Amino acid sequence: MEKILKKSDLGKWVGKLSAFDCYAPTKENDHWEFNQVTYLDSLPEDYTQVNVPLKKVVLPNREVLFNFEDNRNGGPHIQEVLPEEKEVVVFGVRGCDARGVALLSKIFSESSPDIYFERRKNQLYVVGLSCYPLPGDNCFCLSVGGGPFSTQGMDILLSDIGRKYFVEVLTPKGEKLVELGWEFFAEPNDQDRQDRLRREKKAQEMFNLEIHEAEKKAGVLHHLFEDKIWKTESFRCLKCGICTYLCPTCHCFDIADELASPVPLQGKRVRVWDTCQFPDFTMHSSGHNPRPDKSSRLRQRIMHKFLYFVETYGEIMCTGCGRCVSKCPVGIDIVNILNRVESHEG
Amino acid sequence: MVKISDVRQEAKRLLEKGKVRGVVGYVPGTRGGWAIPYLIQEAERAEQLVWDPTCVHNLALFVVEEKKEQAKQKEPDKRPLAVMVKGCDSRAINVLLQEKFINREEVVLLGVSCENSGVVDRRKITHLLHGQQAGEIRFGDNGNIVVVVNSERRIFDPQEVLADRCLECQYNFPVVFDYFYGEKIKKTPPAPYAQVEKLESFSLEKRRQFWEEEMARCLRCYACRSVCPMCYCAECVVDPISFAVEPTTTAEEKAKKIKWIEKSPLLSENFVYHLVRAIHLAGRCVDCGECERVCPEGISIRLLNKKLEREALRLFNYVAGTDSQAPSLLSTFQETDPEDFIW
Amino acid sequence: MKDNPYLPQLARIVTIKEEVGGSRPIKSFRMQLLNGHRFDFKCGQCAMISVLGKGESMISISSSPLERDYLQFSVLKMGRVTSALHEMEQGSIVGLRGPYGNGFPLEQWTGKNLIFIGGGIGLAPIWSVLQTALRQQNDYGQLSLFYGARTSSDLVFKDELRKLKDTLPVYLSIDVEEPGWTEFVGFVPQNVADKKPSPDNAIAITCGPPIMIKFVIKTIQELGFQDNQIYTTVENKMKCGIGKCGRCNIGPHYICKDGPVYSWAKLKTLPQEY
């Protein structure tokens, strides 16, 4: 379903969504983050891309799994804690972040469904904003199966066509949102459709960065497990979590017990973000570490996204948001590495 | 002006003669001409070395990293490592020497002078260019910074684009080196502790609010700790497990490892992490500002360290990393030390 | 509760047996679920044991699935969780979730001779298969067991091994000479090379320290075993048990889900990150 929403009506529509928790990009110290808002009159003109991707809504950096206690008389007791039942609408989601959540669903929903993720995802309504102009210098979504007007993982896609948004209503969830403010939505005309299409075409021509034949990288990487590029490129790696914590698809986590009291025992089991880039991530209790150095960990990050995930799910686990390229403090550049391994072969 | 050709030539000579096992320096990165740290091991590659205002990284970190790497090797290459060092990097080297983490003969220091300039702050540049990508950033005359955008040359005053740490720095020339490049120019920063003083002028409540807002954003990616050449401990109190596990380490020893803080990025845990780190850096931090530069959330980490730096100066007249022979601040006691804070 | 893969079920420790003392102690724990339910699993599968407040550890189940009265775990004291487990008493309550992993393909081994080769605590996952095969002996050919440890006191299941000798060939070994030891002295692979088990219609199942597995595989390959006749288990650090937390992978495989049992034919195609 296609609709038109005047920009000046955005706030009125959002006003009708009071049953939801609404999130939108807000500026904090020079960068954008999704924060809860009580009203939303407009999507900011200078909005580029949020720092921490949408995954934080479905996979928060700390999730309480259950509470436990042992009061001695009754023995230990476990009390499941599930995410609050609250429907959430996030506005201004870029295609890369929405696709990120869609890719995470493959991991968290397909086998042994993760009910924490499931509940958060079921409660999430994604109102996307297409990318024209592109939000960042390091965007490369077009190379990895996405695009500036990608709709995957969205319920609604808004495209800025001047004074109004071209609205693509993509799912029943999207329809529900539109119905709540139906009086603000009009039917698009041919001019509107052309405006949207023209912008999409232009946006596609704006990319600075491309992974050349990304879908073929799996075949190349398959032979590069022992390549020296991992060592050369990881020399400067800091072993920090930036590239993975800010990645829309990285999902590794740790599970830990946090005590409120040791006696009588009372505490929470929590899941917190973790990363394959931390040295202790794979370290056995014996001290043996199957990925003992920076080069094996850089290799894991890239192989996971462009080989292992492809082997398992037939898709690349990267949505081309460019954050790992932009935010790496020492300029480790996944696009450059992947383009180099190609020339390596031929 | 630093003549980079001289640095390249020396690096090349050191490698050709086999005097060093590698040269850690800056080479051009892949995106928009920002330099990256690089280990050069082949003499012909020395030509790639650059020196420009994007050489932001403190390369002393890689001395630490390589030292740890060597400890794991059965037959490590015992030759020294050559490293390009700015003033702040060289101060970090001094602290490592002072704390006996490294010996002087393990490094060959190629000192570069920041002269009357320094390195740039990427956020400031991005802001000034309204998101346009810089093609090249280089030193201009009189400390000015030349930024080339879409083949157009733009000249910025250092005050506009240099990192705060450089604007507040008085160690623009290496304090320890084997070779030096560029001029020694005396620089007196106008107000190195202006930001600390501003914060101190706030009420307790406002200060707490400020720090709570800062700390709440921490994702615990540990980039600040990872980039810090002073954070070299094999075992850090914030890690839930011990890294110093040997085959002989018993289960009891591992089980007894105290979990000082939780991995969860809760406000309380984030405070503990950053405060523990700041205290451990008191009298050791050389204000290279890397912690704040790398922070993906833009947390004012440097401000915490700066406060302790000023305390060290005010109470003990101590400046970290200026003398590798001096006793380190927190491991020595002098009768003249002030003790009015002890009741 | 069942829908939440992270929620443990509570289980009572019904017996504790000290298998090995000293600085690397091993204890066998027999457990029953508090709710009286059965914990269905296959030989070679593992379970996540929770010591509430300390955390979780993935441990292979050493009893047979045919044993209906209890689940047995034989645990080497290694870190925080296993140390806490070792301090527990009979009647203590732990959490259990699982089972996890693929298990051994026993259904493919009907009529075959099974050669078990274990080292140290590595006998635990093998023990589950061995006990199952013993109870269904008509389904398999000849069973035999090679088992070794550093010293005689490091051997697990000592009493059971003594009894087992009446039923099948048991070749024990210790790494260095000890007074009173009448069996083989040397590493497990050397014992295997010495006894030369035949590869004809046989499956070799080996588990132990990585270095032992490596040399066992080399030895039995020299004896003529093909890659698809050799089965082993691998282990890595695990947290979730369901292929999500991202730390136990070797290539595209998550050991907790796609392993821990591998034929050598498969394992040799995967990166050696274990």
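**A friendly look at a predicted model**

Biologist: Why is A:Tyr116 called buried?

Modeller: This is a predicted model, and in it A:Tyr116 has 0% relative accessibility. Buried means under 20%, so A:Tyr116 counts as buried.

Biologist: Where is the place of A:Tyr116, and which residues does A:Tyr116 touch?

Modeller: A:Tyr116 is in helix α4 of chain A, residues 115-122. Leaving aside residues up to four places away in sequence, its contacts include A:Val64, A:Leu82, A:Pro83 and A:Arg271. Two residues of chain C are also among them, C:Asn4 and C:Tyr6. As for A:Val58, 58 residues away along the chain, its C-alpha atom is 8.0 Å from that of A:Tyr116.

Biologist: How do you know that the radius of gyration of chain A agrees with a compact globule?

Modeller: For 346 residues, a compact globule would have a radius near 20 Å; chain A has 22 Å, so the two agree. The C-alpha atoms of chain A fill a box of roughly 70 × 65 × 40 Å along the principal axes. Chain A holds 12 helices and 12 strands, and 60% of its residues count as buried.

Biologist: What makes chain B as compact as a globular protein of that length?

Modeller: Let me start with its elements: chain B has 13 helices and eight strands. The globule rule gives 20 Å for its 343 residues, and the radius of gyration of chain B is 21 Å, which is close, so chain B is as compact as a globular protein of that length. Its C-alpha trace spans about 55 × 55 × 45 Å along the principal axes, and buried residues make up 55% of the chain.

Biologist: How do you know that the span of helix α13 of chain B agrees with its number of residues?

Modeller: Helix α13 of chain B covers residues 301-316, which is 16 residues. At 1.5 Å a residue they should span 22 Å, and the end C-alpha atoms are 23 Å apart, so the span agrees.

Biologist: Which residues of α13(B) are buried, and what do the buried residues pack against?

Modeller: Among the buried ones are B:Ile301, B:Leu303, B:Leu304, B:Leu308 and B:Ala312. Charged residues are in the list too, including B:Arg302, B:Lys306 and B:Glu309. The buried residues of α13(B) pack against several helices of chain B, including α8 (204-216) and α11 (267-281).

Biologist: What follows α13(B)?

Modeller: Next comes B:Asn317, with a positive phi near 50°.

Definitions and conventions. Residues numbered from 1 in each chain as written. Chains lettered and ligands numbered in written order. Predicted model: local features only at pLDDT ≥ 70, side-chain atom pairs only at ≥ 80, totals over all residues. Heavy atoms only, no water. Helix = DSSP H or I, 4+ residues; strand = E, 2+ residues; numbered from the N terminus. Rg over C-alpha atoms; globule rule 2.2 N^0.38 Å. Buried < 20%, exposed > 50% of the residue type's maximum accessible area, 1.4 Å probe, protein only. Expected span 1.5 Å × (residues − 1). Contact = heavy atoms within 4.5 Å.
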